[in-house]
Amino acid sequence: MLSSAEAGRVVGHVFAREASVAVFLGAVLLVLERRRAAQTKPEGSQFSVEMGLALLAIFCTVLGYYALQPEMAAAKAGQGRLSFGQLHAISLGLFGIKILAVLALAWRAAQTAER
């Protein structure tokens with residue numbers, strides 16, 4: 001069992017790694033999807049639902065970690081417009097949306113692979 005402060009540091013370290021990996025992998029997915037779209041739809045818009053899901057996951061990561069984490073630190077210090085609990089709830093919601101986007105992307109990829 002860790003103390004509350006130690007547990008917070010461990011979780012912070014895990015989320016820092018997860019955020020950087022998520023942005024990197026999201027960018028890789030965008031490049032791969034762009035390449036696939038260029039091959040299957042050489043004319044017209046090459047934007048796809050899969051690209052939208054990857055962008056949504058990246059957006060949720062950037063907003064949830066890189067924008068909200070500094071606000072959460074400020075809220076712990078008694079600064080900012082929102083409380084730590086409110087920011088934590090927003091961050092959790094963004095993480096949930098990101099998970100749903102990645103699951104939908106995996107489901108669509110599995111459907112495409114079956115064809």
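Glu33, Arg36, Glu50 and Arg108 are linked in a network of salt bridges; a salt bridge is a side-chain nitrogen of Lys or Arg within 4 Å of a carboxyl oxygen of Asp or Glu. Please keep in mind that this is a predicted model, in which local features need pLDDT of at least 70 and side-chain atom pairs count only at pLDDT 80 or more, while totals for chains, interfaces and linings use all residues. Residues are numbered from 1 along each chain as its sequence is written, and side-chain values use heavy atoms, with hydrogens and water left out.

Helices here are DSSP runs (H or I, at least four residues), numbered from the N terminus. Arginine 36 also forms a salt bridge with glutamate 50, where the closest N and O atoms are 3.9 Å apart. Glutamate 50 lies in helix H2 (residues 49–76) and arginine 36 in helix H1, so this pair ties together parts that are 14 residues apart in sequence.

Which of these side chains are buried, and which are partly exposed? Buried means under 20% relative accessible area, exposed over 50%, and partly exposed in between, with a 1.4 Å probe and protein chains only. Arginine 36 counts as partly exposed because its relative accessibility is 32%. Glutamate 33, at 10%, counts as buried, and glutamate 50 is buried with a relative accessible area of 12%.

By this rule the count of salt bridges comes to four. One of them joins the side chains of lysine 98 and glutamate 18, at 2.5 Å from N to O. Lysine 98 lies in helix H3 (residues 84–114) and glutamate 18 in helix H1, so the pair ties together parts that are 80 residues apart in sequence. Lysine 98 counts as buried at 8% relative accessibility, whereas glutamate 18, at 26%, counts as partly exposed.

I turn next to helix H1 itself. H1 has 37 residues and reaches 52 Å from its first C-alpha to its last, close to the 54 Å expected at 1.5 Å a residue; the expected span is 1.5 Å times one less than the number of residues. Its buried residues are Ala19, Ala22, Gly26, Leu30, Glu33 and Ala37. What covers them includes H2 and H3.

The largest nonpolar core has eight residues: Leu30, Met51, Leu53, Ala54, Ala57, Ile58, Ala101 and Leu105. Such a core is a set of buried Ala, Val, Leu, Ile, Met, Phe, Trp, Tyr and Cys residues joined through side-chain atoms within 4.5 Å. H2 and H3 each supply at least two residues of this core, and the largest share, five residues, comes from H2. A second, separate core of six residues includes Leu68, Ala75, Leu87 and Leu94.

Finally, the surface. Val21, Phe24, Leu25, Val28, Leu29 and Leu32 form a nonpolar patch there, with about 540 Å² of accessible area together. Patches are made of residues with over 30% relative accessible area and no salt bridge, like charges being joined within 9 Å and nonpolar side chains (Val, Leu, Ile, Met, Phe, Trp, Tyr) within 5 Å. Accessible areas come from the Shrake-Rupley method with a 1.4 Å probe, and for residues only the protein chains shown count as cover. Valine 21, found in helix H1 (residues 4–40), is partly exposed, with a relative accessible area of 46%.

Methods: Contact = heavy atoms within 4.5 Å.
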